[in-house]
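Reader: I'm new to reading protein models. Could you walk me through this one?

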Amino acid sequence: MSNVKVEMENDEIVKEIPVFLSKNLLQKLYVFQYPLRSVAVEIDKPNVIASRIKPKLQEVELELELSTTTPNYDRSKGEQIVINTDGHNKYDKPDHQNFFRGSLMDKITYTSTKALLDPGRFAVGILIDNELHLNPLHGILHVKPSFPYLDKSDKALKDNAAEPTESGDEEDVAEQVTVKFARTETERSKALREKSYGFFQKKNAEEPWYNTKFCSLNSEESLLEKNRLLCGKPDLTVQNLTMPKEKYIVDLIGPCLENDEVQKQLTLGTASMFQLQALPQLVDRIKNLMANVKLIGFSKLCTTLKITQEPLRLEALKSLQQVAELVQGNWVVKSEILYPSGEKEKIVKLCGISGIHPDIITKARDYVLYMYTLKRCVNRKAVTIATKIPTEEMKVILEQIAFKTKDGWEFKLPFDQAFVDKYPEVVRRSELMNKAKQKHLQISVTEFKAPKKESTDSPKKRSRRRSRQDSCSSDSGNDVKK
C-alpha cells in the first residue's frame, strides 16, 4: 500500500476543473441499458408510440412501432398473431381490450428489470465549458423485449376450452370448502415471505401503471430536460479541505450499500473493479477478473489487483493456475470457467450464440488454445473444420484471444519471456498439462491432418490393382511376395 501511495503522490496533475453536484433531477434520473441490442449494428431510430412507468417498483414499459410495409415482414404471420391474441371479434370489443390497434402485429413491447447494482454510488456527468456537472442516479434499468401477447393468446385459448356447453337444466354441485386460520408470523418467516416470487408478483400487481409522454431525441422537450442536468446556481466558493481524502470521499458518496447477498448474486465476469476489490478471497478476485478480460499477462494482473509484495504474487500465481492456462507466457481463462457444465446444479445450460452443449464448445476452445501453444497464428477455417462447430462460434472464441491478420488469427499478446525465465516450474507444469491435453485431443488432430482414404470394397478394383503390381514387378525383374 505504501508503494501505491507513493505512485499517487508522484502522479502529475494535468488539469483541474470545477465539479458541481446538480440536484435538479434528484430521484427522477434513470439509465436505460439495452443488453440485447448491439451498438455496432446500425438501425433506424425506433419510434416509441407509448410509454408507462411504475415509480415505486422502478419498472418501465415501452411500445415500439413495428413497420408492416418492409419486405421482411410476414403479413400472414402478423395477421395470425393478432387473431390469436385479440380473437376474431376484435372490432366488436372496446379498443382498450385489444392488444393490437389494427389487423396486423404493428408493435413490440420492451419491459425493464432493475439492475443488480445499487444506483446510489453512480451518477451521470456532463462536461461543458470545462465544468463537470454530476447528477445522482435513481435507477439503472435493463430493457429487453417482452411478449405479453403470447400470454394473452394462451389465456384466451384456455378460456375457450373451459367454457361449459349450453344445456337446459344444470344442477348445482356442492363444493367442499376448507377453512384455514392464519398463524402468528415471525420476523424470519416474514422476511422469507417478502423474498418469495409470489409476494413480488402481488406487490407488482398492486401498483398501477402511469402513462408518460415520450419525447424523441433532439426534440424541444428533450433539450429542455437535458439542460436540467446542469447545476442551476453553482457555488463558486471553495472551502479549505481539513479532513483526510479518504474520509472526504466516504462523506461525499457514502458507504457501499451492497450487502453480502448482492455480492453472491453477481454474475461471473460482470463485476466492476470496485466490487472485484471487495471480494474477500484472492482466488475469487482473480477468477472474476479472468472471466472479464479473458487474456492477460501476469505483471498486468498484479498491477490491476494491486499485488506488490512477492509472497502475495506467489499466492496469486497459485490461484491463477486454478482458473487459467499458460499460453505463450500469458494467461488465458480456462474454458470450463466460461462454459460451466452445470454438474453441480444438475442443469445443463447451452452456451454460445447458437446454443451448443458446454462440453462440445469447451473441447473446441481447448483445441484452439493448444494450437496457440504451438504457433503464433491459427487459420480459422482449419480449426473450424477440426472442431466441427459453427463458424460464428469459432469467431467469438478467436476474438477473445487473437486479432485477424493476413496470415490468420494472431495471438493478441507478445510472448512473455520474462515470466518464462522467472517461473520455470510453472512453465514445466504447463507443458506437462499440454501433453496430456494433446492426448485427449488426439482424435481431433488426427481427423484434421489425415485425409480420408478411398473405399476399396469392390473386388474388381483389388484385382486390377494386383494385376498392375504383378505386371510392373515382372517388367522390372523383381519377385513379389504373396
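Reader: What share of the chain's contacts with a separation of 6 or more comes from residues 24 or more positions apart?

Author: Contact here means heavy atoms within 4.5 Å. Take the contacts in the chain with a separation of 6 or more, and residues 24 or more positions apart account for 66%.

Reader: Before we go on, what kind of model is this?

Author: Residues are numbered from 1 along each chain as its sequence is written, and side-chain values use heavy atoms, with hydrogens and water left out. Local features need pLDDT of at least 70, side-chain atom pairs count only at pLDDT 80 or more, and totals for chains, interfaces and linings use all residues, since the model is predicted.

Reader: How many helices and strands does the chain have?

Author: Both are DSSP runs numbered from the N terminus: helices are H or I with at least four residues, strands are E with at least two. For this chain that comes to 20 helices and 15 strands.

Reader: In the open sheet of three strands, which strands stand at the edges, and why is one side of each left without a neighbour?

Author: The order is β1-β7-β6, with mixed pairing (two strands pair if DSSP finds at least two bridges between them). One side of each edge strand has no neighbour in the sheet because each has a single partner strand; these are β1 (19-21) and β6 (123-128).

Reader: Which residue in β7 stands opposite F20?

Author: Strand β7 covers residues 131-136 and runs parallel to β1, joined by three bridges. Opposite F20 stands H133.

Reader: How wide is the arc that holds the buried residues of α16?

Author: Buried means under 20% relative accessible area, exposed over 50% and partly exposed in between, with a 1.4 Å probe and protein chains only. In α16 (residues 391-401), E393, M394, I397, L398, Q400 and I401 are buried. The arc is that of the directions from the helix axis to the C-beta atoms. These buried residues line one face of the helix, because they fall within an arc of 155°.

Reader: Are α14 and α16 parallel, perpendicular or oblique to each other?

Author: Axes are lines fitted to C-alpha atoms, for helices over the stretch in contact, with angles from 0 to 180 degrees between N-to-C directions. Those of α14 (residues 358-372) and α16 come within 11 Å and cross at roughly 45°. Under 35 degrees counts as roughly parallel, over 145 as roughly antiparallel, 65 to 115 as roughly perpendicular and the rest as oblique. So α14 and α16 are oblique.
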